[in-house]
Protein chains: 4
Amino acid sequence: MKRVPLGPLYYEFSRHNEPRVRIASGESLVLETEDAFSGQIRTNDGRRDRTKKPYGNPQTGPVYVEGAEPGDTLAVKIERIDPLIGQCATRTSDPKMMSEWLGTDCHHGSHVCKISDGVIHWSDAIKIPYTPMLGCIGTSPAWGVPSTMPAGPHGGNMDIVETRPGNIVYLPVFVEGAYLYLGDAHAAMGHGELSASGLEMPSETTITVNLVKGKRIPWPRIESPDEIMVVVSGSPMEYSIAQAYAQLILWMESDFGWERWKAYDILTHVGQISVGYYGFGTVACKILKKYVAHPKHGEW
Amino acid sequence: MKRVPLGPLYYEFSRHNEPRVRIASGESLVLETEDAFSGQIRTNDGRRDRTKKPYGNPQTGPVYVEGAEPGDTLAVKIERIDPLIGQCATRTSDPKMMSEWLGTDCHHGSHVCKISDGVIHWSDAIKIPYTPMLGCIGTSPAWGVPSTMPAGPHGGNMDIVETRPGNIVYLPVFVEGAYLYLGDAHAAMGHGELSASGLEMPSETTITVNLVKGKRIPWPRIESPDEIMVVVSGSPMEYSIAQAYAQLILWMESDFGWERWKAYDILTHVGQISVGYYGFGTVACKILKKYVAHPKHGEW
Amino acid sequence: MKRVPLGPLYYEFSRHNEPRVRIASGESLVLETEDAFSGQIRTNDGRRDRTKKPYGNPQTGPVYVEGAEPGDTLAVKIERIDPLIGQCATRTSDPKMMSEWLGTDCHHGSHVCKISDGVIHWSDAIKIPYTPMLGCIGTSPAWGVPSTMPAGPHGGNMDIVETRPGNIVYLPVFVEGAYLYLGDAHAAMGHGELSASGLEMPSETTITVNLVKGKRIPWPRIESPDEIMVVVSGSPMEYSIAQAYAQLILWMESDFGWERWKAYDILTHVGQISVGYYGFGTVACKILKKYVAHPKHGEW
Amino acid sequence: MKRVPLGPLYYEFSRHNEPRVRIASGESLVLETEDAFSGQIRTNDGRRDRTKKPYGNPQTGPVYVEGAEPGDTLAVKIERIDPLIGQCATRTSDPKMMSEWLGTDCHHGSHVCKISDGVIHWSDAIKIPYTPMLGCIGTSPAWGVPSTMPAGPHGGNMDIVETRPGNIVYLPVFVEGAYLYLGDAHAAMGHGELSASGLEMPSETTITVNLVKGKRIPWPRIESPDEIMVVVSGSPMEYSIAQAYAQLILWMESDFGWERWKAYDILTHVGQISVGYYGFGTVACKILKKYVAHPKHGEW
C-alpha cells in the first residue's frame, strides 16, 4: 500500500500544487496528517503562533487519481483513522456568536489529552470514547481555490462526524486527477463543533479510492453501512437543510426509483439531520438504507 | 386520575381561555387531543377545508396549575402518548423553501396510515416504528398570545422529537396558573419535519405536572433518562444553536457547578443537536447526563 | 376631528381590548401616543424600570373602523406626527449581535434630546433633522395576539422610516372593525435601528383612514408620493427581501398590468431597499411610481 | 496614463496570474473590461453558452502596485466608468429564492439595451438613468483564491452601487503587489440585484490608486464625497449588518476620535444601509461625513 508521510502542509484545496502521490482507481493509501494547529500545540503551554503559521487545518495531498476527469465522482472509503502521536489537543477561545450570552472575557487555553485504550482522557475523571473523523476532505475546484476554512461542493472543512471510518465519502471531480486532500482529524467531535476546535490530532489515515466515471454530484454524499446522506454547507442553516434534503430526494428519485413526492413524504417522517460546524451552516440530511432501498417502496 | 376529553379546540396559547381543568403540583392527568388537521383528514380523500377550520394545530387545555406564578417553572413529565383512533395522517404540500430544486408543481395529497403492533403502516411494504411525540406543548405568555404556529420561550409548536414519553419538559410560567396546553401529536417525526406535516394523530396523552417554585428558565428545557437539553427556536438556525448551547452552558454552571469555559470545551466534543421544524429554526442542544453530572468533573 | 387622548397603554395588537374610538371610512383622527419607554425616561437620569412597566412600545388604540371585515384592507394616511412634549429620548444598551466585535461592557445610558425648529438637539454640536416616523402601526390578527415587539403581516413594530407623514400605510383587516393601534413614534431613525432604540418620543399623530373593501394583501404596503413598496419581516433578511420583492412583482402584475418577468427584470435595475429594525429582518422593497405606472410599460 | 486593453479574462482574484501592468502609488490607469457574460450576449438572441465560457464575471488585471505589502491598504478612486460599445445586456433567469412565490417557469431571456445621452433604453417607453458601477473590484488573498462569484474581505463580487465614479474603494493588501482586479461593470443596478444580473456592460474604467502603508482594514471601506461606509458580505444579512456597523463604529473610534458608545448611539439615528447582491448578504453601512467628522462631536 502506498504511503504519504508528513510533508509539505497545504492550506488550500488547490489544483496548483504538485501531487504527492498518484493512484489508480481501487487503490488504498495511507496518509499522515498534521493536526489543525499545524502541530504548534503539543502541551498545555502550547499556543497558536500565527506569525509562524498563519493558517489553520493543514492538508496532506494532493492525491492524483489517474483517469479522473471533470464530471466524475470519487468514492473515498475511510478505512482507518489512527492517532499518530497518541494524543490530541483543543483550544478554548472567544465564543464568537455566543458572546451575547457568555461574555467575551473567556479563558483562552490549550488542553492536551492523551488517547489510549479507545478513550480520550479529557480529564482524570472524564473519558470520551475515541470516535475519530476527518474535519477536512475535499477535491480541488476548477474555479476558485478554497482555503481550508470553508466547506462547499468540493467538500473541504465540513467538520461533520460522518466522515469516519467505515463510511464512504463521495466527492465531485472538477479537474483532471481530482487533486484530493485530507486532514484536520479529530479524535472526537460533537454536533456543531461549538468552539470551532475539536480534539485535534495528527493522524495516520487509510483510505481506498474508487473512481465513478461519468457520475456528476452537486454536493458531497456520504454512505454509512446503514444510511445515505447529502452534505450541504452555507448560511442560513435552514437553507442548507432544505437543499440537502432536496438533493437527497433527487438522489432517491434518480438512483433508487422513488417517485419524488413519496420521497419527500417519507423523509418528513424518518429523515435525520447531523449538524457539522454550525458557524458555516454545514449539515448532513440522511435516511436509513432499509427505507430507501426497500424493493417494494413504490407500492404505496 | 383526572381526564380532559376532547372539547373546545384552541389555536392559541392564550391566558384568556377558561381552564378545562385545575390540578395541583404532582398530579397526573390524561388529555385527549385532536390532530393537527382538526380532524378533517380521516381518509386519503380528506382535505384541509380552511373555510371551516382556518387554523392548524388545535390544542387541548388550558390546564390551570394551582400555585403556579410568574417566575416558576413547570416540569411536565410525558408519561404516555397513545393513538386515539388507531391511525394517523399526513399531507404532502408545496415544498416551500425547496421549490428552487424540486419545482412547485407537487402532488398535494393526503395519506392516512394505520397504527398497530407498534408500527405505522406507511405503505404495504414500509413500516415506521411508532415513536410518538407532541408537536406542541406550552404555557401562556403574559405579553402576546402565540398562535399554534411558532415556537418560543413558552414552548409552543416546537415539533422536536424529544417531547416524547419518558421525558420531562420544563416550561416557564408567565401567568398565574400557567395555562398549559398541548396537542399536535405525531406518531413519528423526522428531524426537521421537512414538509411541515408529521404523521398527525388524535391522541390520548398522559402527563404528570410538577411545579418548581422560584425557578426561572429563559427557554424550554428537556430531560430524558440520559440527557439534558435546551430548546431554542428562531432563524437563522445557527443563532438558535449558539443560544441553546449558551443556555446549556449557563445551566451546567448554575446547577451542576461547572466552570463556564470547561462546559464550553466539553460541549464542543460531546454535545449533540436535534433539529425540530427547520422552517422556524428550532433546535435542542444537549449533553449526556453521565458527563454533566459526573461527581469529579471539576478535576481537570 | 376626533381625538384619542393618552389613556390606557396597550402592549399588544389585540382584538380583545375595548375600542377607544369608532370611525367611518374616510375619517381623520388625532391620537396621542406615549413613547417606547412608557414615559419612564424624561431626563438623562431616567431609567427603564421593568418592575413597574415590564413591556415596551405602548400603543394607542384600538381604533374600530366601521364596516371593516376580514379580507378588507385599511389605507392609513399619516398626516402629521408632532412631538407632544418637545423632546425625545434614547438608550444605549447591550449591543447584542455586535458584542463579538464591540464587547459587552457598554455604557448603559439614557440620552434626552430637545426638539425645536425642526431639529433634534442630539448634542450641543450635532443636530439631526426632525424626520418623524411611527415605529409601530398595525391591525389585530384573528389568530394570535402579537406583542409590540415583532413585526408581521399585521404591521406591528416595523420600525421602518417610511411610516412617515405624507405616506399611506396599507394594512390587512383580520377581524371586524380592524382594531388598529399605533405608537412608538421616533423623532428620527436610521436604517436598521442599530441599538433597537430610536429617538423615542410621545407624539400627537394625525391619520386619515380609508377602507378598501374586498382587497386582501398578504403583507403591509406603503405608498409614498413617489414610490410603492411592500414591507416583509423575518429572519434571515435575505428571505424577507426575496419575499418583499416577489410581492411587489405580484402587485405590479395584478394592479398595474405588468408581465411578471418584465417586472422582475426592471426591479433588478431600479428597485430600492429600505432596512427597518435589523434584528427582526424587516425590509421594504420599492420602486418609483414613474416606472411602475408608466402608461407604455408593456411596450418592450 | 497607462492603459490595459481587453486581454486575458480571469475569473479569479488570483495571486498566481502574471500582472498585466505595474503602477506606482498615485498613478491613474485605464482598464477595459468585458461584461459579466464574457461578451456572449450582444443581441436579444444571445445566450450564455457555458460549454465555451463556464464562468461569469471576467476580470481585467491583475494590477501590480509597486511597494504594496501585506498589512497595507489600497485606496482606489474610481474616476470614470464609460460604456465600451454603447450598450448593456441583462438576463432573466430562474428566480431562485423567490420561486416559492413566483413559480419556476420563468421566461429565460436576454435583453440588450442601448446607452446614449446618459440614459439606458430599457424599452421604447422606459429609460433608466445611466448610473454606472463596478460589480467586482478586489485584491488577491494570500489564503485561498476567490472566484468571481462571492464577495469577501478582499472585495470581489460586491455588487453594491457605491463602487461608482467619484468614490474611493479601500481594499486590504494581502500579498506583495496587491494583485488588483476589476470588472463586471453595470450601467445601473438596483438594491439587492434581484435577478443576479445587472445591466451588464463592457467598460472603459479609469481609476487612481494610492497606497496607504501600514494601514490594515478588516473589510472593504468606501468613501463617497459625503459619506464613509464599510462593506461586509455574508449570510444571514442581519449578521453582515451587525458586523459592518460594528466596523464602522471601530473606524469612527480609531480615526475620528469618537467614544465607542456615542458612535453606536448616533448610528442608530442617522446610519444608512445600502444592500448589494442580496443572495450573498452584502451590505454597506454608512454615515454622513458631516456627522462623523464634526469637530465638536465629543461635546455631548
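Biologist: At what angle do helix H2 and helix H3 of chain B pack?

Modeller: This is a predicted model. In chain B, H2 covers residues 237-256 and H3 covers residues 260-270. Their axes lie 9 Å apart, and the packing angle is about 130°.

Biologist: How are H2(B) and H3(B) oriented to each other, and with what handedness do they cross?

Modeller: Angles over 145 degrees count as roughly antiparallel, and 65 to 115 as roughly perpendicular. The angle here is about 130°. H2(B) and H3(B) are therefore oblique to each other. H2(B) passes H3(B) in a crossing that is right-handed.

Biologist: Turning to chain A, how many helices and strands does chain A have, and why does chain A count as compact as a globular protein of its length?

Modeller: Chain A has four helices and 19 strands. For 300 residues the globule rule gives 19 Å. Chain A is close to that value, so it is as compact as a globular protein of that length, with a radius of gyration of 19 Å.

Biologist: What does the C-alpha trace of chain A span, and what percentage of its residues count as buried?

Modeller: Along the principal axes, the trace spans about 60 × 45 × 40 Å. A residue is buried if 20 or more other C-beta atoms lie within 10 Å of its own. Of the 300 residues in chain A, the buried share is 57%.

Notes
Residues numbered from 1 in each chain as written. Chains lettered and ligands numbered in written order. Predicted model: local features only at pLDDT ≥ 70, side-chain atom pairs only at ≥ 80, totals over all residues. Axes fitted to C-alpha atoms, helices over the stretch in contact; angles between N-to-C directions. Helix = DSSP H or I, 4+ residues; strand = E, 2+ residues; numbered from the N terminus. Parallel < 35°, antiparallel > 145°, perpendicular 65-115°, else oblique. Left-handed = near helix turned anticlockwise from the far one by under 90°. Rg over C-alpha atoms; globule rule 2.2 N^0.38 Å. Buried ≥ 20, exposed ≤ 12 C-beta atoms within 10 Å, placed from the backbone.
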